[in-house]
Amino acid sequence: MIKGIYEAHLPVSDLTESIRFYEKLGLELAFQNEKLAFLWIMKGESWIGLWKSGQVDLPYHPSIRHIAF
């Protein structure tokens, strides 16, 4: 049986705003420092990593910006 996504990583330009966005979706902050945050999708099972980066304005491609829940 497939339960869902284990982990995903995304580049973000504003870490604080991105954390707020995912918390509004019901994800729980697991770890944060000045350049990185992990939020639980399912606590103890799956998470999303948000990486603060200056290179987030890339042309869309599903291999770069794609999450499947």
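Visitor: Which residue does Glu17 form a salt bridge with, and how far apart are the closest N and O atoms?
Guide: Glu17 pairs with Arg20, with 2.9 Å between the closest N and O atoms. A salt bridge here is a side-chain nitrogen of Lys or Arg within 4 Å of a carboxyl oxygen of Asp or Glu. Keep in mind that this is a predicted model, where local features need pLDDT of at least 70, side-chain atom pairs count only at pLDDT 80 or more, and totals for chains, interfaces and linings use all residues. Residues are numbered from 1 along each chain as its sequence is written, and side-chain values use heavy atoms, leaving out hydrogens and water.

Visitor: OK, where do Glu17 and Arg20 lie?
Guide: Both are in helix H1, residues 15-24, and they sit three residues apart, about one turn of the helix. Helices (H or I, at least four residues) and strands (E, at least two) are DSSP runs, numbered from the N terminus.

Visitor: Is Glu17 buried, exposed or partly exposed?
Guide: Glu17 is partly exposed at 42% relative accessible area, and Arg20 is partly exposed too, at 45%. The cut-offs: buried is under 20% relative accessible area, exposed is over 50%, and partly exposed is in between (1.4 Å probe, protein chains only).

Visitor: How many salt bridges does the count come to?
Guide: Two. In the pair formed by Lys43 and Glu28, the side chains meet at 3.4 Å, N to O. That one links distant parts of the chain, 15 residues apart: Lys43 is in the loop between strand S3 (36-42) and strand S4 (46-52), while Glu28 is in strand S2 (residues 28-32). Lys43 is exposed at 59%, whereas Glu28 is partly exposed at 39%.

Visitor: Switching to rings: how many aromatic pairs are there in the whole structure?
Guide: Four. One of them is Phe21 with Tyr22, which is edge-to-face because the planes are at 90°, with the centres 4.9 Å apart. By the rule, rings of Phe, Tyr and Trp (its six-membered ring) pair if their centres lie within 6.5 Å; planes under 30 degrees apart are stacked, over 60 edge-to-face, and the rest tilted.

Visitor: And how are Phe38 and Trp51 arranged?
Guide: Edge-to-face, 6.3 Å centre to centre and 85° between the planes. Phe38 is in strand S3 and Trp51 in strand S4, so the pair ties together parts 13 residues apart in sequence. Phe38 is buried at 12%, but Trp51 is partly exposed at 39%.

Visitor: Which residues do ring pairs link into a cluster?
Guide: Phe38, Trp40, Trp47 and Trp51.
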